[in-house]
Amino acid sequence: MKKPPHEVVASLLAVTTVLMAQLPWHLPVWAIFISWAGTFAMGGPTAENLKRIWPTLPVGSIAGFLVVTGFGIAAQNLSGTGLLIAEMVILFCLNAGMMLVARLPGFNFIPGMFFGFASFFATLFGGFGPEPKAPLVALGIVIVFNALGPVYAWITANFSHRHAPLEKTFPNRVHGE
């Protein structure tokens with residue numbers, strides 16, 4: 001049996017996120033899209049790439065959680081220039097620490113860390129989730145939703161037919177001709 005086009009499978013998967021985004025859950029479905037696209041940006045959902053992206057996504061989310069927690073502690077004890085400097089030091093140390101984790105076996109895909117890092121901040125400060133603005137809840141939700149992105153990428157790649165790009169089909173044609 002012929003597989004449906006890539007665009008159909010990907011769009012059907014995208015439709016599954018509509019209900020997740022509804023109130024009262026208001027879940028950060030775009031976190032799925034970030035890691036889904038990230039999986040394809042790294043070459044697709046091969047076993048090797050999935051082993052590279054999955055461990056790094058939560059590393060970034062946890063680093064984001066620690067940044068927010070550190071900022072909260074600093075804000076309780078400092079103000080003005082002291083708070084600003086403390087936040088810069090916290091961000092520097094935790095960002096560098098997150099990237100240093102990439103030196104460990106199994107954690108060498110730094111872009112995956114930043115997908116998780118950005119997803120955490122967007123979830124928390126965007127007020128997503130069943131308990132908006134709750135750092136621990138945001139952390140849990142982001143880890144789950146970022147983990148779903150590579151699953152969606154795998155389903156897309158394995159249950160659809162990709163078309164050859166126009167440049168390969170018609171190498172001498174320029175768009176619009």
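1. At what angle do α2 and helix α5 (residues 110-126) pack, and how far apart are their axes? The angle is about 165°, and the axes lie 10 Å apart. Angles over 145 degrees count as roughly antiparallel, so α2 is roughly antiparallel to α5. Note that this is a predicted model.

2. α2 passes α5 in a right-handed crossing.

3. Next, the residues between α2 and α5. On the α2 side they are W30, A31, I34 and G38. They meet F115, S119, A122 and T123 of α5. By class, this contact has five nonpolar and three polar residues. It has no charged residues.

4. Helix α2 spans residues 30-41, and helix α6 spans residues 135-158. Their axes come within 7 Å of each other. They cross at roughly 50°.

5. The crossing of α2 past α6 is right-handed. From α2, the contact is made by A31, I32, S35, W36, T39 and F40. From α6, F145, N146, L148, G149, P150, Y152, A153, T156 and A157 take part.

6. What is the make-up of the contact of α2 with α6 by class? Ten of its residues are nonpolar and five are polar. None is charged.

How values were computed. Residues are numbered from 1 along each chain as its sequence is written. This is a predicted model: local features need pLDDT of at least 70, side-chain atom pairs count only at pLDDT 80 or more; totals for chains, interfaces and linings use all residues. Side-chain values use heavy atoms; hydrogens and water are left out. Axes are lines fitted to C-alpha atoms, for helices over the stretch in contact, and angles run from 0 to 180 degrees between N-to-C directions. Helices (H or I, at least four residues) and strands (E, at least two) are DSSP runs, numbered from the N terminus. A crossing is left-handed if the near helix is turned anticlockwise from the far one by less than a right angle, and right-handed if clockwise. Contact means heavy atoms within 4.5 Å. Ala, Val, Leu, Ile, Met, Phe, Trp, Tyr, Cys and Pro count as nonpolar, Asp, Glu, Lys and Arg as charged, and the others, Gly among them, as polar. Angles under 35 degrees count as roughly parallel, over 145 as roughly antiparallel, 65 to 115 as roughly perpendicular and the rest as oblique.
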